[in-house]
Amino acid sequence: MTTRLKIIGGGALVIGAAAILYALDPARAGMLPGCPFHALTGLWCPGCGSTRALHQLLHGHLSAAFGFNPLAISLLPLVGYLAVRGEKATLKPAMIWILLGMIVMFGVLRNVPVYPLTLLAP
Amino acid sequence: MYKIIGADGQQYGPVTAEQLRQWITEGRANAETLAQAEGGTDWKPLGQIAEFAPQFSAATSSAPPPLTGQPRPHVPNYLVPAILCTIFCCLPFGIPAIVFAAQVNSKLQAGDVTGAMESSRKARRWCWLAFGLGLIPMLAWIIGISVGLFRSSYF
């Protein structure tokens, strides 16, 4: 019963969030709040651009989505898989450590103001 | 007084030994259920706690012992909310949540159930913290727009 509630609640949340992100374009000023970390520090965090990326993805613009946040888009299938499989999904610890390394590295590299790396910034 | 981990992975208690025996009778807890004596730090299966062991031997004496060892308990690692908070909320607090999620799996693999549960609790705490801190600016923003503190270019 609680599992079913979780599935329904989780599904409703995902659909609700998708509807909002489809309707509102975060790239237009004043729409959705920006990243608090970016507002405070001026640096790009690993998540910066992810709502803009999702908005583009929902409109079918895959390359624009990648442009805003390639990491968030790449991780979506994994997150979906883990969320659906629940406790049946067992990731090897090494996988999670690698994932962590990727996120941290992405967060560092996208702040480097040198040409190919600037592509990683939103 | 004891705390136990229920079949749903949540903590229950502290409850009296009396209450716990009642739970065992009702089938809410069994010999594999992990319990922690109040004031103690390690989690042990009820079947290995002297106070409860007789209850299981009495109940299971008519059946042969299982052939395989006890199954590895499931300890949630909260990896999904940790990733979501890191990528879609606010940086600094999602990262430790992922670290603790990884620790849960590392410790489980090493057979350290107590340690894994400790990391699991920390992972959950950091997820909520990250989520809450991501939510505050979001709420402030929505309230700000609705009372006309800022002007949205869209609404």
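Val147(B) is exposed, with 60% relative accessible area (exposed means over 50%, buried under 20% and partly exposed in between, using a 1.4 Å probe and protein chains only). Val147(B) sits in the segment after helix 5 (113-146) of chain B. Helices here are DSSP runs of H or I with at least four residues, strands are E runs of at least two, and numbering starts at the N terminus.

Val147(B) also belongs to a nonpolar surface patch with Trp128(B), Phe131(B), Leu135(B), Met138(B), Leu139(B), Ile142(B) and Ile143(B), and together they have about 790 Å² of accessible area. Patch members need over 30% relative accessible area and no salt bridge; nonpolar side chains (Val, Leu, Ile, Met, Phe, Trp, Tyr) are joined within 5 Å, like charges within 9 Å. The areas come from the Shrake-Rupley method with a 1.4 Å probe, and for residues only the protein chains shown count as cover.

## What you're looking at

This is a predicted model, where local features need pLDDT of at least 70 and side-chain atom pairs count only at pLDDT 80 or more, while totals for chains, interfaces and linings use all residues. Residues are numbered from 1 along each chain as its sequence is written, chains are lettered from A and ligands numbered from 1 in the order written, and side-chain values use heavy atoms, leaving out hydrogens and water.

## One salt bridge

Over all chains, the count comes to one salt bridge (a Lys or Arg side-chain nitrogen within 4 Å of an Asp or Glu carboxyl oxygen). Glu118(B) and Arg121(B) make it, at 2.9 Å from N to O. Both lie in helix 5 of chain B, three residues apart, or about one turn. Glu118(B) is partly exposed at 32% relative accessibility, and Arg121(B) is partly exposed too, at 22%.

## How the helices cross

Helix 3 of chain B packs against helix 5 of chain B at about 30 degrees, with the axes 9 Å apart. Axes are lines fitted to C-alpha atoms over the stretch in contact, and angles run from 0 to 180 degrees between N-to-C directions. The two are therefore roughly parallel (under 35 degrees; over 145 is roughly antiparallel, 65 to 115 roughly perpendicular, the rest oblique).

Helix 3 (residues 79-88) of chain B also meets helix 5 (residues 70-85) of chain A: their axes come within 10 Å and cross at roughly 160 degrees, so this pair is roughly antiparallel.

## Chain A overall

Chain A has seven helices and zero strands. Of its 122 residues, 34% count as buried.
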